[in-house]
Amino acid sequence: MARNYSGDNGLVFPDAPGTYALLLRCASCRRVSIGRLGVLQLRPGWYVYVGSAFGPGGLRARISHHQRVARRPHWHVDYLRRRAQLVAVWYVCGKSCEHEWARSLGAMPDATIPMAGFGSSDCGCPTHLFRFSPPPNRFAGRVNSLAQLPGVENVPTFLL
Ligand SMILES: [Zn+2]
């Protein structure tokens, strides 16, 4: 069952390394510079980004980074995060399956690629960012299908 939380409330994610997916919501149309990658035309809808965290602090450190708006963007998603709300997080500990998740997301009905190469500069994936535009009443089903990404250990953790 999804649980609801409000904002930055001390949620603790595992220190373990692993793979994660962020669900972001964009409410309006905007153009966002994504560093050297170029300009992303954001449209209202839902964006899912997949990444992995194998540095110090593991998933906990990385997800808490994404909960804040980075003053100096480092990853492509840091630029997007300035203009989109972080709604939910999925993760799996100890496994690097971001590319597998990217393939699974890209194969979902209605998934579109908003910007080629986003988050995938170092791999062969077309992108690590996908956009969905389900109306709200279909969104619960979308969340459940995301929770079936290979290896996902947890129900989505809702941050909003
Ligand atoms: Zn990849």
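**View 1. Asp 110, a partly exposed residue in a predicted model.** Asp 110 counts as partly exposed because 13 C-beta neighbours lie inside 10 Å. A residue is buried if 20 or more other C-beta atoms lie within 10 Å of its own, exposed if 12 or fewer, and partly exposed in between, with C-beta atoms placed from the backbone. Asp 110 belongs to the loop between H3 and E6. Its phi is near 75°, a positive value in a residue other than glycine. The model is predicted: local features need pLDDT of at least 70, side-chain atom pairs count only at pLDDT 80 or more, and totals for chains, interfaces and linings use all residues. Residues are numbered from 1 along each chain as its sequence is written.

**View 2. The buried residues of helix H3.** Helix H3 spans residues 98–106, and its buried residues are Glu 98, Trp 101, Ala 102, Ser 104 and Leu 105. Seen down the axis of H3, these residues fall within an arc of 165°, so they line one face of the helix. The arc is that of the directions from the helix axis to the C-beta atoms. The cover over the buried residues of H3 includes strand E1 (18–26), strand E4 (45–53) and strand E6 (129–132).

**View 3. The elements of the protein chain.** The protein chain contains 4 helices and 7 strands, where helices (H or I, at least four residues) and strands (E, at least two) are DSSP runs, numbered from the N terminus. Their order from the N terminus on is β-β-β-β-α-α-β-α-β-α-β. Of the 160 residues of the protein chain, 32% count as buried.

Notes. Contact = placed C-beta atoms within 7 Å.
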